[in-house]
Amino acid sequence: MYIFTTTSISIMKKIVVLTGAGISAESGIKTFRDADGLWEGHDVMEVASPQGFTNNPELVLDFYNQRRKQLLQVLPNKAHLALAKLDTYFDTTIITQNVDDLHERANSKNIMHLHGELLKAKSTKGDIDKSITDCENDIFMGDLCPNGHQLRPHIVWFGEEVPMLEKAIEITEKADILIIIGTSMQVYPAASLVNFVKPNTPIYFIDPKPSVSKNSFNNLTIISKTAVNGVPGIIDDLIKTYKN
Ligand code: APR
C-alpha cells in the first residue's frame with residue numbers, strides 16, 4: 001500500500017498479527033486450554049468436531065448458543081484497541097484464531113478469521129460457503145437454510161479444512177513484522193504460520209505463559225505479560241520507531 005503526499009511516496013511496512021484466545025481472556029472469554037483441560041466444562045472434541053456434532057447436535061448447538069450470548073455481553077479490551085491503532089501507520093492484517101468479533105468492534109480494518117465466526121451460521125449440506133449468513137440469535141435443531149438443510153455455527157471444527165489458510169500464508173510471507181498474542185501454538189495449521197515469515201523478520205510474542213523460548217526463532221522478542229499489560233506498550237513502541 002502506498003501513501004502519496006505532494007513531496008514523497010512512502011511505503012507502509014506490513015505488520016501481521018496472529019491472535020489466539022489469550023487476547024480475549026481479559027474481556028471475559030475463557031481460553032480453550034484452561035488448567036482443567038476443558039473448554040467451559042467440555043472436552044474440546046465433544047463440542048468442536050464434526051463427530052461431536054453428529055453424536056449430540058443439541059449439545060453442540062446449545063454450547064455455541066451460550067458462547068454467542070456471552071460474546072454479546074463482553075467488550076474489546078485495551079489490547080484489541082491498541083492493535084486497531086496500527087492501521088494508521090502500517091499495512092496491518094490481523095489473522096485471528098478467535099471466533100469472537102472483538103477485533104471488529106475495536107475497529108481493526110483487515111481481519112481474517114482462520115477458525116470461523118461465532119456471529120455467523122452456515123448450512124450443514126450443499127454449497128456451504130455460499131450459505132454463510134449473519135447470526136446473532138440461537139440456532140436450534142430444525143432451523144434450516146433456504147435449501148432446507150440444518151443450520152450450524154460457522155466455526156471451523158477439528159478435522160475440518162481451514163479455508164483461509166492459503167491467503168493467510170501469502171500475507172504472512174510478506175510481513176515485515178510479526179506479532180503473536182495469546183496462543184498456545186498447539187493447533188495446526190494456524191501455529192505453522194510463523195514458519196512462513198522471511199528470514200530475520202522481527203517476531204514479538206506476547207503471552208503470560210509463552211510456549212516459545214528465546215531460540216525458537218531468529219529475531220524473537222518474548223514479552224511474558226498478559227495482552228492488556230503487554231500489547232499497548234509494544235504497539236506504541238512500534239509506532240514511535242516506524243511512523244516517519
Ligand atoms: N493475555 C494473553 N495471553 C493469555 C492470557 C492473557 N490475559 N491468558 C491466557 N493467555 C494465553 C495462554 O497462556 C495460552 O498460551 O493464551 C493462550 C491460550 O491458548 P489456547 O487456549 O490453546 O487458545 P488458542 O491457542 O487460541 O487455541 C487455538 O484451538 O480449540 C481450538 O479452534 C480453537 O482457535 C482455537 C485454537
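Predicted model: local features only at pLDDT ≥ 70, side-chain atom pairs only at ≥ 80, totals over all residues.
**Helix α4**

I started with α4 and found Pro57, Val60, Leu61, Phe63, Tyr64, Asn65, Arg67, Arg68, Gln70 and Leu71 buried there. For my notes: buried means under 20% relative accessible area, exposed means over 50%, and partly exposed is in between, with a 1.4 Å probe and protein chains only. Residues are numbered from 1 along each chain as its sequence is written, and side-chain values use heavy atoms, with hydrogens and water left out.

What do the buried residues of α4 pack against? I got α2 (44-47), α3 (50-55), α6 (102-105), β6 (116-123) and β8 (151-155). A contact here means heavy atoms within 4.5 Å.

Then I checked the length of α4, residues 57-71. The expected span of a helix is 1.5 Å times one less than its number of residues. For the 15 residues of α4 that gives 21 Å, and the end C-alpha atoms are 21 Å apart, so the two agree. A reminder to myself: an α-helix has 3.6 residues a turn, so residues three or four places apart point the same way.

**The whole chain**

I looked up eight helices and 11 strands in the chain. These are DSSP runs numbered from the N terminus: helices are H or I with at least four residues, strands are E with at least two. The radius of gyration is 19 Å, close to the 18 Å from the globule rule for 244 residues, so the chain is as compact as a globular protein of that length. That radius is taken over C-alpha atoms, and the rule is 2.2 Å times the number of residues to the power 0.38. Along its principal axes the C-alpha trace spans about 60 × 45 × 30 Å.

Buried residues make up 48% of the 244. Of the contacts between residues at least 6 apart in sequence, 62% join residues at least 24 apart. I also noted 24 positive and 29 negative side chains, with the centres of the two sets 7 Å apart. Lys and Arg count as positive, Asp and Glu as negative, while His and the chain ends are not counted. Each charge is placed at NZ of Lys, CZ of Arg, CG of Asp or CD of Glu.

**Single residues**

Is Lys14 buried or partly exposed? Lys14 is partly exposed, at 26% relative accessible area, and sits in strand β3 (residues 14-19).

Asn229 is in helix α8 (residues 227-242) and is exposed at 54%.

Asn147, in the loop between β7 (133-134) and β8, is exposed at 66%. The C-alpha atoms of Asn147 and Val74 are 34 Å apart.

Which peptide bond is cis? I found the one from Tyr188 to Pro189, with omega near 10°. Pro189 is in the loop between β9 (177-181) and β10 (203-206). Asn200 lies in the loop between β9 and β10 and has a positive phi of about 70°, although it is not a glycine. Asn219 has a positive phi too, near 60°; its place is the loop between β10 and β11 (220-223), and it is partly exposed at 41%.
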